[in-house]
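Hi there,

Here is the structure I promised to pass on. Have a look at it first, and then read on for what turned up.

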Amino acid sequence: MFGQKTSGLDDLLHRPRPSAWQLFIRNPCVFLAGKLYSWRRLVTPSQPPQNAISVVCISDTHNSQCPLPDGDILIHAGDLTQSGSFEELQATISWLRSQPHGVKVVIAGNHDLLLDANRPDPDGKALAMREQIDWGGIRYLQDSATTVVFQNGRRLNIYGSPKSPKHGNWAFQYSRQDDVWRGAVPENTDILVTHAPPRAHLDLTTLGCQHLLRELWRVHPVLHVFGHVHEGYGHEWVQFDAVQQAYERTILAGGGVWNLLSALRAFVYSLFYAPVNPTCQLVNPSMVGGLRDDVRRRPIEVYV
């Protein structure tokens with residue numbers, strides 16, 4: 001019922017990162033705009049801020065279980081399983097429940113088939129199996145929000161969604177043309193957790209969602225955790241400025257000389273102003289990678 005064969009989606013999302021030369025040959029304007037964006041001047045904090053909350057981020061574990069550092073919050077951004085069966089889900093949830101983090105936040109991903117109540121259920125067993133899942137103290141978010149209050153007085157609003165653009169017959173998917181994100185995320189969101197990445201950021205530049213990117217600009221969370229694109233693994237600071245906007249415009253347009261010149265102009269103008277402190281962290285902590293998911297990566301820990 002829940003198992004699926006490896007599809008073109010897996011090959012697409014798990015493909016290895018191309019070399020710099022391959023990227024340049026493929027699209028010089030996109031490559032050069034990306035270089036300009038990577039050279040922007042940022043003043044990133046060298047020490048955690050006062051009253052900082054440590055967030056341990058993981059995603060796309062696909063039944064694997066790895067050592068996790070301790071922290072105030074543990075976030076899993078979806079694809080707990082490989083084929084979405086009850087047994088796989090409960091095994092991963094039990095592993096997450098055993099971790100020492102005081103707060104655990106989890107969303108589903110496209111592989112977590114059982115959790116999608118909108119999928120066909122020819123055997124009529126899915127609902128009963130979903131009700132048997134023992135989440136314990138885990139905060140499972142499905143297009144919903146939760147608020148966490150810490151002993152130091154900090155208060156964080158977290159919104160989570162499992163949705164990702166459709167490719168194949170998986171869970172929680174939407175047509176790439178549909179803007180399912182417009183106004184979906186509460187404006188007071190501090191931490192945004194989605195399975196899909198925003199377009200142009202930690203997504204191999206082509207696999208993220210442009211509508212989610214637009215929502216990210218509207219809400220300005222302090223942290224956005226996502227996964228789905230395994231080879232997009234990494235961490236990025238953003239500040240929602242003209243350089244970022246020009247870079248993203250080039251990516252969304254698929255290149256173009258005029259877009260590249262606009263990115264160059266924004267970059268040059270930025271050199272005449274003092275570097276600014278970035279306001280948001282983007283994290284893609286996909287834990288497995290490689291052509292056959294045989295690479296294991298480390299969790300990414302950040303402070304907010």
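How many salt bridges does the structure hold? There are seven salt bridges in the structure, a salt bridge being a side-chain nitrogen of Lys or Arg within 4 Å of a carboxyl oxygen of Asp or Glu. Some of them are described below, after a word on the model and the overall fold.

This is a predicted model, in which local features need pLDDT of at least 70 and side-chain atom pairs count only at pLDDT 80 or more, while totals for chains, interfaces and linings use all residues. Residues are numbered from 1 along each chain as its sequence is written, and side-chain values use heavy atoms, with hydrogens and water left out.

**Overall picture**

The protein chain has eight helices and 15 strands; these are DSSP runs numbered from the N terminus, with helices being H or I of at least four residues and strands being E of at least two. The C-alpha trace spans about 60 × 45 × 35 Å along its principal axes. For 304 residues, a compact globule would have a radius of gyration near 19 Å, and the protein chain agrees, with 19 Å. That radius is taken over C-alpha atoms, and the globule rule is 2.2 Å times the number of residues to the power 0.38.

Of the 304 residues in the protein chain, 54% are buried. Buried means under 20% relative accessible area, exposed means over 50%, and partly exposed is in between (1.4 Å probe, protein chains only). Among the contacts with a separation of 6 or more, 74% are between residues 24 or more positions apart, where contact means heavy atoms within 4.5 Å.

The protein chain exposes about 14100 Å², and carbon and sulfur atoms supply 52% of that area; the areas come from the Shrake-Rupley method with a 1.4 Å probe. As for charge, the mean positions of the 28 positive and 28 negative charges are 6 Å apart. Lys and Arg count as positive and Asp and Glu as negative, with His and the chain ends not counted; each charge is placed at NZ of Lys, CZ of Arg, CG of Asp or CD of Glu.

Side chains of opposite charge can pair when their charged atoms come close. Arg297 and Glu231 are both buried.

Arg218 and Glu187 form another, with the closest N and O atoms 3.4 Å apart. Because Arg218 sits in helix α6 (residues 210-219) and Glu187 in the loop between β8 (173-174) and β9 (191-194), the pair ties together parts that are 31 residues apart in sequence. Arg218 is partly exposed, at 37% relative accessible area, whereas Glu187 is exposed, at 66%.

Then there is Asp179, which bridges to Arg182 with the closest N and O atoms 3.2 Å apart. Asp179 is partly exposed at 27%, and Arg182 is exposed at 62%. A network of salt bridges links Asp179, Arg182 and Arg214.

**Around α6**

The buried residues of α6 are His211, Leu212, Leu213, Glu215, Leu216 and Val219, and they pack against β9, β10, α7 and β12 (280-284). Val180 lies in the loop between β8 and β9 and is partly exposed, at 29% relative accessibility. Leaving aside residues up to four places away in sequence, Val180 touches Lys163 and Tyr174.

The backbone here deserves a look too. Leu202, in the loop between β9 and α6, has a positive phi near 55° and is buried, at 16%. Leu204 lies in the loop between β9 and α6 and has a positive phi near 60°; Leu204 is partly exposed, at 22%. Just after α6, His220 takes a positive phi of about 55°.

**Helix α3**

In helix α3 (residues 28-38), Cys29, Val30, Phe31, Ala33, Leu36 and Tyr37 are buried. They pack against α2 (20-26), β11, α7 (242-253) and α8 (257-270).
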